[in-house]
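User: Hi, I have just opened this one and would like a walk through it. Could you start with the surface, and tell me what any number you give me rests on?
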Amino acid sequence: MPKVSVIIPVYNAEKYLERCLNSVCGQTLKDIEIICVNDFSSDNSLQILEEYSKKFLNLKIINLEKNHGESGARNAGLALVSGEYLAFVDNDDEIDLIFYEKLYEKAKENDADIVKGRAVEIEYSGKKHIIDRPQESKNKFYFMTYWWCAIYKKSLIFENNISFSRTHILGADLLFLNEALIVAKNFYAVNDVYYHYYRREDSGDSKILSE
């Protein structure tokens with residue numbers, strides 16, 4: 001059983017996919033499973049994934065034959081995970097190379113259902129700033145909305161039938177987080193590792209929606 005299974009939904013990400021893969025494939029925690037779900041990309045994303053799968057034997061590709069959206073792609077990855085803990089990285093983001101080693105270490109020390117790191121936002125201009133609270137805490141209500149900067153115990157997710165809603169255009173990730181937090185008994189937040197969230201003008205959370 002891998003210590004951590006990382007799910008990466010991939011859709012038309014050729015411009016930034018290598019940055020993401022380099023950070024995940026280069027983790028100091030070697031016993032990880034990387035599941036990349038190609039969500040019917042029309043660019044060179046699949047070719048990039050195939051090249052990385054030749055170099056990193058722990059990288060698996062799920063190639064969807066039609067577009068399922070981020071929630072559908074993440075659920076497809078969830079169906080195949082085998083790790084003790086689960087994690088998610090968006091195809092345009094990156095993580096510190098020690099990210100999963102540190103989170104897994106704290107998870108085992110505290111028998112935690114969820115362990116979160118911190119998040120850094122990179123604005124359109126390239127300016128960086130930390131976007132979450134600095135406390136090192138066991139209080140799960142210090143977990144803000146940045147759900148992707150954590151690992152989740154697989155048994156917590158599967159025993160409670162938690163997955164990503166496909167009926168919500170935006171916000172399915174926050175539903176996932178809140179469902180997990182409600183049932184989690186042990187939680188831990190650490191201060192010194194970071195998930196790097198790149199804001200893009202064409203991303204879903206940058207769009208201005210109608211009423």
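Analyst: Accessible areas here come from the Shrake-Rupley method with a 1.4 Å probe. On that basis the protein chain, which is a predicted model, exposes about 10500 Å², and carbon and sulfur atoms supply 50% of that area.

User: And how much of the chain counts as buried?
Analyst: Of the 211 residues in the protein chain, 52% count as buried, where buried means under 20% relative accessible area.

User: What is it built from, in helices and strands?
Analyst: The protein chain has six helices and nine strands, and its C-alpha atoms fill a box of roughly 45 × 45 × 35 Å when this is taken along the principal axes.

User: How does the radius of gyration compare with that of a compact globule?
Analyst: The two agree, because a compact globule of 211 residues would have a radius of gyration near 17 Å and the protein chain has 16 Å. As for contacts, if you take those with a separation of 6 or more, residues 24 or more positions apart account for 78% of them.

User: Let's zoom in on helix 3. Is it mostly covered or mostly uncovered?
Analyst: Helix 3, which runs over residues 69-78, is mostly covered, with seven of its ten residues buried. Those buried residues are Ser 71, Gly 72, Ala 73, Arg 74, Asn 75, Gly 77 and Leu 78.

User: What covers them?
Analyst: The cover for the buried residues of helix 3 includes strand 1 (4-10), strand 2 (32-38), strand 3 (59-63) and strand 4 (85-88), and it also includes helix 5 (154-159) and helix 6 (172-183).

User: Is Asp 111 buried, exposed or partly exposed?
Analyst: Asp 111 counts as partly exposed, because its relative accessibility is 47% and the exposed class requires over 50%.

User: What about Asn 161, where is that?
Analyst: Asn 161 lies in the loop between helix 5 and helix 6, and its phi, near 55°, is a positive value in a residue other than glycine. With a relative accessible area of 68%, Asn 161 is exposed.

Note on methods: Residues numbered from 1 in each chain as written. Predicted model: local features only at pLDDT ≥ 70, side-chain atom pairs only at ≥ 80, totals over all residues. Heavy atoms only, no water. Helix = DSSP H or I, 4+ residues; strand = E, 2+ residues; numbered from the N terminus. Rg over C-alpha atoms; globule rule 2.2 N^0.38 Å. Buried < 20%, exposed > 50% of the residue type's maximum accessible area, 1.4 Å probe, protein only. Contact = heavy atoms within 4.5 Å.
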